[in-house]
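Subject: Structure handover

Hi,

Here is the structure I promised to pass on. Please open it and keep it beside you as you read my notes.

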Amino acid sequence: MLAPFAAQDASSRGRQYPEPPPGNRSEYQRDRDRIIHSAAFRRLEYKTQVFINHEGDLFRTRLTHSIEVAQIGRTIARALSLNEDLTEAIALAHDLGHTPFGHSGQDTLNECMRDYGGFEHNLQSLRVVDELEERYATFPGLNLTFETREGVLKHCSANNARKLGELGKRFLEKNQPGLEAQLVNIADEIAYNNHDVDDGLRSGLLSVDQLMEVALFARQYQEVQRRYPDIAPRRAIYETVRRMINFVVTDLIENSRSLIAASGIKHIEDVRRQTKPLVAQCPEAGERSLELKRFLRQNLYAHERVSRMMREAVRIVRELFETFMQDPRRMPPQYQEKLHAQEAPPARARIVADYIAGMTDRYAMREYARLFHDPARNNLND
């Protein structure tokens, strides 16, 4: 049984292009299935989370991260009697527009696009599902429901929000999306904060001694050592990360139940009229999560080994963009055709950005080597 304020088929704001209702699925199951079958979703397997794709087979990618977000999100949704199918759809789609090479690739592409409207990966995810996927005969994109699209667009500048009509309205009026979208936003942070601890330790860039400075890790690690004094080091890490996630998720569920009850909401439209999220951690747990996030930013994301890889990635993205802008003939035929149909520089730059944003890490490296005929310059493997 869904809560009355959960997203439901009957109260959906529908799709951009009307379609007959699905026969054996809910509307949000249809959204999820379309996302899973999309080319953009498959490409996530070879897009960076923290480590460049070839760094190791066991490090997380955008695909495994998205699956982990969906798993955490469904747990929270079930506990709060929210729509699990919608939650899963949003979680699986939220990174579809991410560039190769993680946030470094995104920031570089944004810099390249500064004179052409900029680049926001959340907005690009929406662009992927609304326009760029070409699978259906009667409409562009995946034609997802408003609620899934609302959840995909976690952040948006005011300038871009004005162009999105009803979908962008909440960013201008400072209102909230549905609860399913709110919980995926936090499930995303829970997944990458805690699983980056695992990847950081596996890579050797982080140590247990360093992490003992972080309260969320230290408390759970000490409890694991107390309960299982003979546990192997690697299993101790797995057990600690599992307990960290459980602590944060349990707090989130309990605190959100209290916030929802106090709000008096009765319908999803009541949720949207709120000025603050109703899915949130309590202040103490939120501060612990923030401490972990700051630690990872300083000790993992800014580590020299990661920074060295990302400096090279920045150069690759920048030079690919400049090359394609100067000579579109070096792009694949389908992109050349799109460019021929456009005369305005911003529209042409957007097509180049679409091509680069859709690249996987290894495809971007191959394109760079092909264009410049100098594989030795691509030292991401060093």
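In helix α3, the buried residues are R62, L63, H65, S66, E68, V69, A70, I72, G73, I76 and A77. Buried means under 20% relative accessible area, exposed means over 50%, and partly exposed lies in between (1.4 Å probe, protein chains only). Helices here are DSSP runs of H or I with at least four residues, strands are runs of E with at least two, and both are numbered from the N terminus.

Before you go on, note that this is a predicted model: local features need pLDDT of at least 70, side-chain atom pairs count only at pLDDT 80 or more, and totals for chains, interfaces and linings use all residues. Residues are numbered from 1 along each chain as its sequence is written, and side-chain values use heavy atoms, with hydrogens and water left out.

Back to α3. Its 18 residues should span 26 Å at 1.5 Å a residue, and the end C-alpha atoms are 26 Å apart, which agrees. The expected span is 1.5 Å times one less than the number of residues. The cover over the buried residues of α3 includes α2 (39–43), α4, α5, α10 and α13. Such packing is judged by contact, meaning heavy atoms within 4.5 Å.

Look at G73 next. G73 sits in α3. Its relative accessible area is 0%, so it is buried. Leaving out residues up to four places away in sequence, G73 touches T87, L183 and A187. How far apart in sequence and in space are G73 and V184? They are 111 residues apart in sequence and 5.7 Å apart in space, C-alpha to C-alpha.

**Two positive phi values**

Most residues other than glycine have a negative phi. S81 has a positive one, near 60°. S81 follows α3 and lies in the loop between α3 and α4. S81 is partly exposed, because its relative accessible area is 28%. N143 is not a glycine either, and its phi is positive at about 50°. Find N143 in the loop between α6 and α7. Is N143 buried or exposed? N143 is buried, with a relative accessible area of 2%.

**The largest pocket**

The largest pocket holds about 930 Å³ of space. Of its 41 lining residues, H103, K154, H155, D188 and Y192 are the closest to its centre. Two or more lining residues come from each of α3 (62–79), α5 (102–112), α6 (121–132), α7 (146–152), α9 (169–173), α10, α15 and α16. Which helix gives the largest share? That is α10, with eight residues. The lining has 15 nonpolar, 16 polar and ten charged residues. Ala, Val, Leu, Ile, Met, Phe, Trp, Tyr, Cys and Pro count as nonpolar, Asp, Glu, Lys and Arg as charged, and the others, Gly among them, as polar.

Some terms here need a rule. The search uses a 1 Å grid over the protein atoms alone. A pocket is an open set of points with protein on both sides within 12 Å along at least five of seven lines. A cavity is a set of points where a 1.4 Å probe fits but cannot get out. Lining residues have an atom within 4 Å of a point. Points are joined across faces, edges and corners, and a volume is the space filled by probe spheres set on them.

**The cavity**

How many cavities of 30 Å³ or more does the whole structure hold? The search finds one. The largest cavity has a volume of about 40 Å³. Its lining is A7, L86, I90, E147, E150, G178, E180, A181, I268 and R272. Helices α4 (84–93), α7, α10 and α14 (268–272) each give two or more residues to that lining. By class, the lining has five nonpolar, one polar and four charged residues.

A285, R288, S289, L292, F295, L296 and L300 are buried in α15. They pack against α10 (179–203), α11 (208–211), α12 (215–227), α13 (233–263) and α16 (304–326).

T323 lies in α16. T323 is buried at 10% relative accessible area. Beyond four places in sequence, T323 touches R330, L371 and F372.

**Cysteines**

The whole structure has zero disulfides, a disulfide being a pair of cysteine sulfur atoms within 2.5 Å. C112 is buried, with a relative accessible area of 15%. C156 is also buried, at 15%.

Best wishes
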